[in-house]
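Visitor: Could you walk me through the aromatic contacts here?
Guide: Gladly; here is the model.
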Amino acid sequence: MAQKNESAVIAKLRANKEAKSGTYEFPLEESGVVATIPEFINHGRWMAAQRIAKGDTPKAQAAFICEVVRFDGEKITLTDLAELMPAGDTMALLGEIFGGDDEASSEGKGQTDAA
């Protein structure tokens with residue numbers, strides 16, 4: 001009896017995951033690199049990043065970013081992120097993924113107002 005008697009909660013969660021199965025682009029201003037971010041943030045990958053970081057939240061966030069985000073289509077390492085990514089780009093990316101105090105609403109992810 002695989003999914004025949006799937007609960008309403010599981011069905012809603014599955015539908016939410018499927019609805020957010022794509023990615024979106026987030027341009028990084030300082031470096032000019034485009035980050036491709038998944039619409040659905042997988043809890044398991046976040047937990048794995050926390051295990052790697054051993055209680056260091058900033059390191060967990062960085063490990064998560066390196067695992068799920070693509071930079072101009074490529075994956076980078078924690079060392080690359082720390083040594084090559086400008087601090088402003090890292091902070092913007094952290095705010096985009098983990099929710100920051102920026103002006104964009106959750107519906108406007110990846111979009112900025114033209115100035």
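Guide: Trp-46, Phe-64 and Phe-98 form one aromatic cluster. This is a predicted model, where local features need pLDDT of at least 70 and side-chain atom pairs count only at pLDDT 80 or more, while totals for chains, interfaces and linings use all residues. Residues are numbered from 1 along each chain as its sequence is written, and side-chain values use heavy atoms, leaving out hydrogens and water.

Visitor: How many aromatic pairs are there by the rule you use?
Guide: The count is three aromatic pairs, where rings of Phe, Tyr and Trp (its six-membered ring) pair if their centres lie within 6.5 Å, and planes under 30 degrees apart are stacked, over 60 edge-to-face and the rest tilted. For Trp-46 and Phe-64, the ring centres are 5.8 Å apart and the planes stand at 80°, so this pair is edge-to-face.

Visitor: Which helices do those two sit in?
Guide: Trp-46 belongs to helix α2 (residues 43–53) and Phe-64 to helix α3 (residues 57–68), so the pair ties together parts 18 residues apart in sequence; helices here are DSSP runs of H or I with at least four residues, numbered from the N terminus.

Visitor: And is Phe-64 buried or exposed?
Guide: Phe-64 is buried, with 1% relative accessibility, where buried means under 20% relative accessible area, exposed over 50% and partly exposed in between (1.4 Å probe, protein chains only). Trp-46, at 18%, also counts as buried.

Visitor: What about Trp-46 and Phe-98?
Guide: That pair is tilted, at 5.3 Å centre to centre with 55° between the planes, and it links Trp-46 in helix α2 with Phe-98 in helix α5 (residues 87–98), 52 residues apart.
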